[in-house]
Amino acid sequence: MLFDLPDFDNHELVLFGRDAASGLSAIIAVHSTALGAACGGCRMWPYANDAEALTDVLRLSRGMSYKNAMAGLPLGGGKSVIIGDSRKDKSDALFHAFGRVIESLGGRYIAAEDVGISVADVMTMGKTTRHVAGLANGHAASGDPSPFTAYGVYLGIKAAVQHKLGTDSLKGVRIAVQGLGNVGSNLLRRLADDGAVLTVADIHADAVQRAVDQYGATAVAADRIHAADVDVYTPCALGAVLNNVSLPEVKAKIVAGGANNQLATASIGEDVRAAGILYAPDYVINGGGIINVSAEITNTYDRDSVLRQVERIPVTLAEIFRRADREARPTSEIADQMAREILSAAKTEAKVAAA
Ligand code: NAD
């Protein structure tokens, strides 16, 4: 039963969208609109089955509620998935059909880019719905959020390195980047500029070759990158990379990266702490992209002020790290608690305003 799934977690709405003509099978999940219209990216992925897609969208959607809350944005949390292979199954008809599904929610959910979905795809959805962001042009258009996500992750890695290794330079720091897509490739450039020693993996050989050629990175197998002998493990692909199987093999003292839902389960957070690993909660460190998108939605886009806002990410992380040390609790648990407090305060405020 959907409502009993552990990941359901009181979602306000889950919508299944199908369009036989274009081959669209999609799910939109709206976790919370306590802080505003739910906003989160659309992911296109060839899920093995519907249950996997549902679990993913529910976990990602709640993550967006927490992410938007922690970034101080006037946005609720939601997410969508299109079941399909982004390298083979894209078509204008598919994105037009998906736009119509978004439009049917009347603005309760606003879609943007995520894994497998480009700015061009969001523009195509925008032909049939007004409720998309991360656009290439138009008033206050914010474009691709990935460079802003990567900037926040870069600053977050520096904050984690400062906290755990006691240095504010990345020169000579060994960093393993998993996933060299939009976020990973933008991040690599910054890490290389700072003199970090890079190890990389991707399931696509062309992306790996580019990193080796451009930055002298060392390539390792995609299924072994978590075990690389490095200081920082930086997941920038898919989620659940910290699990019972991978964690005992992680040699890094820091896990800090852009991927959403890095912890396979909430309880892994304690295992990560017990292993002496400093974990930068994913939805805090990767908030740069949604900060950028939010400025478009609120019609206030100004690149410099977006950058200033992204630069608060390491400040929030440092607070979480200190509190986690003080209270001997996992950083993931501290961040969840802080996010839930923000959401429940917003709900209380809304109730008071309505009374
Ligand atoms: P992307 O699709 O551009 O890149 C993902 C990359 O990961 C691809 O190159 C893919 O081949 C690779 N990959 C997939 N499975 C892999 C595996 N098992 N091992 C190694 N590599 C693998 O996506 P993106 O936009 O760069 O997003 C990356 C992660 O960051 C996702 O978890 C996404 O949800 C998260 N994120 C992205 C943004 C953003 O602004 N794009 C914002 C917040 C969070």
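This report looks at the ligand site and a strand beside it in a predicted model.

## Who sits around the ligand

The shell around the ligand counts 25 residues, and the nearest of them are Asp114, Thr149, Asp202, Ala237 and Asn260. Sorted by class, that shell holds 11 nonpolar, 10 polar and 4 charged residues.

As for secondary structure, at least two shell residues come from each of strand 3 (38-45), helix 4 (146-165) and helix 5 (182-193). Zoom out to domains, and the ligand turns out to lie between domain 1 (2-64 + 78-125) and domain 2 (146-287 + 314-339), because both give residues to its shell.

## Polar contacts and burial

Let's get down to atoms. The side chain of Thr149 puts an N or O atom 2.6 Å from an oxygen atom of the ligand. Asp202 also has a side-chain N or O atom 2.6 Å from a ligand oxygen. With Gly258 it's the backbone instead: one of its N or O atoms lies 3.2 Å from an oxygen atom of the ligand.

How much of the ligand does the protein bury? On its own the ligand exposes 830 Å², and 87% of that is buried by the protein.

## A closer look at strand 3

If you want a pair to click on, Cys42 has Ser80 of strand 4 as its bridge partner.

Methods. Residues are numbered from 1 along each chain as its sequence is written. This is a predicted model: local features need pLDDT of at least 70, side-chain atom pairs count only at pLDDT 80 or more; totals for chains, interfaces and linings use all residues. Side-chain values use heavy atoms; hydrogens and water are left out. A residue is near a molecule or strand if one of its heavy atoms lies within 4 Å of it. A polar contact is a pair of N or O atoms within 3.5 Å; within protein, one must be able to donate a hydrogen and the other to accept it, and residues adjacent in sequence count only if both atoms are side-chain atoms. Accessible areas come from the Shrake-Rupley method with a 1.4 Å probe; for residues, only the protein chains shown count as cover. Helices (H or I, at least four residues) and strands (E, at least two) are DSSP runs, numbered from the N terminus. Ala, Val, Leu, Ile, Met, Phe, Trp, Tyr, Cys and Pro count as nonpolar, Asp, Glu, Lys and Arg as charged, and the others, Gly among them, as polar. Domain bounds come from an automatic or database domain assignment. Two strands pair if DSSP finds at least two bridges between them.
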